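The sequence and coordinates are shown first.

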Number of protein chains: 2
Amino acid sequence: MAWYNKEGLKSPSLISSRIRIARNIKGVPFPHKASKDNLKEVYDICRKVYDENSYLKENFVWFDIENTPYIELQKLVEKHLISPDLTKHTAFRGAMVSSDEDICIMINEEDHIRIQVIGGGQSLKELMKIANKVDDIFASAVEYGYSDRLGYLTACPTNVGSGIRASIMVHLPLLTDSGYVNQLSSAAGRMGIAVRGMYGEGSKAEGGIYQVSNQITLGVSEEEIIKRINDFVQGLVKKEEDVRNKVYQAEPIDIEDKVWRAYGILNTARSLSSNELLGLMSNIRIGAELGIINVDSAKLNKLLVTTAPAHIAAMCDGEPTSVSRDVKRAEYIRSEVKNYDVQ
Amino acid sequence: MAWYNKEGLKSPSLISSRIRIARNIKGVPFPHKASKDNLKEVYDICRKVYDENSYLKENFVWFDIENTPYIELQKLVEKHLISPDLTKHTAFRGAMVSSDEDICIMINEEDHIRIQVIGGGQSLKELMKIANKVDDIFASAVEYGYSDRLGYLTACPTNVGSGIRASIMVHLPLLTDSGYVNQLSSAAGRMGIAVRGMYGEGSKAEGGIYQVSNQITLGVSEEEIIKRINDFVQGLVKKEEDVRNKVYQAEPIDIEDKVWRAYGILNTARSLSSNELLGLMSNIRIGAELGIINVDSAKLNKLLVTTAPAHIAAMCDGEPTSVSRDVKRAEYIRSEVKNYDVQ
């Protein structure tokens, strides 16, 4: 079962967590400097690991990026399993995706091997264990580029060291409205923490959703990275909660009105753009946090993933237009929301 | 039962009809030129008619405007039973309102006696019969100001003649959006027809609702007045229907989206201003005309009357603010709309 279908997450503000480990094969140039032969070599090595490891072979699907339909790749991007970058240069790029869609190993993205593990809520510690398990499989089959002084060697200097990036996707609509998140970004940067939009570097924070991740891996242990991100995100969530409670106490009707109208529109609209939907779901999430509306955050997380453009396009008959996609999105949302018991 | 509670009206576009007869008592100056003694004389004469006529006495409530709470008067205005003008100079002003709230006789408004009869849909002929019956009661008790050459004498020259004004309240949202109604107003004027906002002279056309009425009564029979208004309104309704069907055929989803979102918001909003509500109800009415949503027009007509500001204020505990009124309006709308079976 995909992470976004698992109910019982504690806080709707904490959407998901992700661990990414960057590794490279010793003696082979990094992908951005690699020849076709180098890329093929890496691809073949990883394919061999996959073929010879029963855990991988039984639980993961191998995607040859070049031969995967565009819409399928976009769906993987929308699930945060692969990066948009992996879909740009496709030759000898690969991905192994677990059947639960919680783990993905990208081949020849920025680094030769990138292991990504995703989970609901704030779950970095558990995800780290899973990532390490996958890392061990590759470590026992290939020799990683490694320096005793620096640690694991990576294509981009910011990943040198443990090669670990820990990130949490978090919903901060009131801190967005108040301008706090904008002010925060540079301060966070000085602490080695990046606050970015939902789809990573350069993407906008649609619906008040941010990815918070570490920018430094050199000389910091994995425990320390996870602790820093957890603490930082907890601080943000606490601050968001304070502002939310204050605003709610001051103008309860304003918030209740927004939350319930959003629910009303999800139930009835015949056309919904992705952006409008993110705004409406943001209001429902605020309502869930405040106990105004009873919606399990797993439901919202599922919608967040399954209503993104490529997911909706895949539900359309034939080639979708932006108009038919918005109609399909509204239709799908109505069919989901009508089963909610929100009281 | 009030007109707006009677189901089974044919077209949601045709909201209500009204007949008004202006009469004055011979030898007494018109109200705007009358002394206090003159006004008292008229008031007392009419009260005597009321007291001595069993039909009036049993079926009508007498309101002494000066001693009627402001909010009650506003409710009568919102029901189109009395005019805003009647509430401005209150001394020796009166109103007899039938228990069904379909008939009102105003005393010392612009004329000494103004008989108003209101009904659902397009029903001028039936209303004219009722108005004539009430007129006969007064005609047999007092001598009207009358000229063989001109007909009934009235305070304003535009009412001289039959003293009859026939009006139909009609919903023309698409002709409003297209600018047609604006262009129409001056052309209608040349035909002796006025197209005004919902609350008569000088009021805006909220929610695409207009009052269409005759401006001339001199030398025109009551049958002719009614025929002219009926024909003119039928032409407007036909034109509105043509535009509506054309727009719906071109962009069905746009219209369905607006209609169903309006329904969703009525079901969920926690605060609704009178103006927003008129816009939403306008969309529902369009949907009812097009068969998109199943709402009897009586339901919409009831909401139109009962959600106006004074009606809502009367539902509030204590002195309402504009905020608490919008909250109460939303609460009342939810309680009404949740019982609709719209499929």
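## Basis of the values

This is a predicted model, in which local features need pLDDT of at least 70 and side-chain atom pairs count only at pLDDT 80 or more, whereas totals for chains, interfaces and linings use all residues. Residues are numbered from 1 along each chain as its sequence is written, chains are lettered from A and ligands numbered from 1 in the order in which they are written, and side-chain values use heavy atoms, with hydrogens and water left out.

## Relation of the two chains

Contact, defined as heavy atoms within 4.5 Å, joins 15 residues of chain B to 15 residues of chain A. The size of an interface is often given as the accessible area lost when the parts come together. Between chain B and chain A about 1300 Å² is buried, and carbon and sulfur atoms give 64% of this area; the value is the accessible area (1.4 Å probe) that the two parts lose on being put together, summed over both. Of the area that chain B buries against chain A, 43% is supplied by Arg261(B), Thr268(B) and Arg270(B), more than by any other three residues.

## Aromatic pairs

Over all chains the structure holds 16 aromatic pairs. Rings of Phe, Tyr and Trp (its six-membered ring) pair if their centres lie within 6.5 Å; planes under 30 degrees apart count as stacked, over 60 as edge-to-face and the rest as tilted. The pair of Tyr43(A) and Trp62(A) is edge-to-face, because the ring centres are 5.4 Å apart and the planes stand at 90 degrees. Tyr43(A) belongs to helix H1 (residues 36–52) of chain A and Trp62(A) to strand S2 (residues 60–64) of chain A, so the pair ties together parts 19 residues apart in sequence. Helices (H or I, at least four residues) and strands (E, at least two) are DSSP runs, numbered from the N terminus. Both Tyr43(A) and Trp62(A) are buried, a term for under 20% relative accessible area, with exposed over 50% and partly exposed in between (1.4 Å probe, protein chains only).

In chain B, Tyr50(B) and Trp62(B) form a tilted pair, at 5.3 Å centre to centre and 50 degrees between the planes. Tyr50(B) lies in helix H1 (residues 36–52) of chain B and Trp62(B) in strand S2 (residues 60–64) of chain B, so this pair ties together parts 12 residues apart in sequence. Tyr50(B) is buried at 6% relative accessibility, and Trp62(B) is buried at 13%. In chain A, ring pairs link Tyr43(A), Tyr50(A), Trp62(A) and Phe92(A) into a cluster.

## Charges over rings

A charge sits over a ring if NZ of Lys or CZ of Arg is within 6 Å of the ring centre and within 35 degrees of the ring normal. Arg23(A) lies over the face of Tyr152(A), 3.5 Å from the ring centre. The charged end of Lys299(A) sits over the ring of Tyr340(A), at 5.5 Å from its centre.

## Cysteines

A search of the whole structure finds 0 disulfides over all chains, a disulfide being a pair of cysteine sulfur atoms within 2.5 Å. Cys156(A) is in no disulfide, and the nearest cysteine sulfur, in Cys104(A), is 20 Å away. Cys156(A) is partly exposed, with a relative accessible area of 25%.

Lys328(A), in helix H12 (residues 322–337) of chain A, is buried with a relative accessible area of 19%. Residues up to four places away in sequence aside, Lys328(A) touches Ile312(A), Met315(A) and Cys316(A).

Ile209(B) lies in strand S10 (residues 209–214) of chain B and is buried at 2% relative accessibility. Val237(A), in helix H7 (residues 222–250) of chain A, is buried at 8%. Not counting residues up to four places away in sequence, Val237(A) touches Ser13(A), Leu14(A) and Val170(A).
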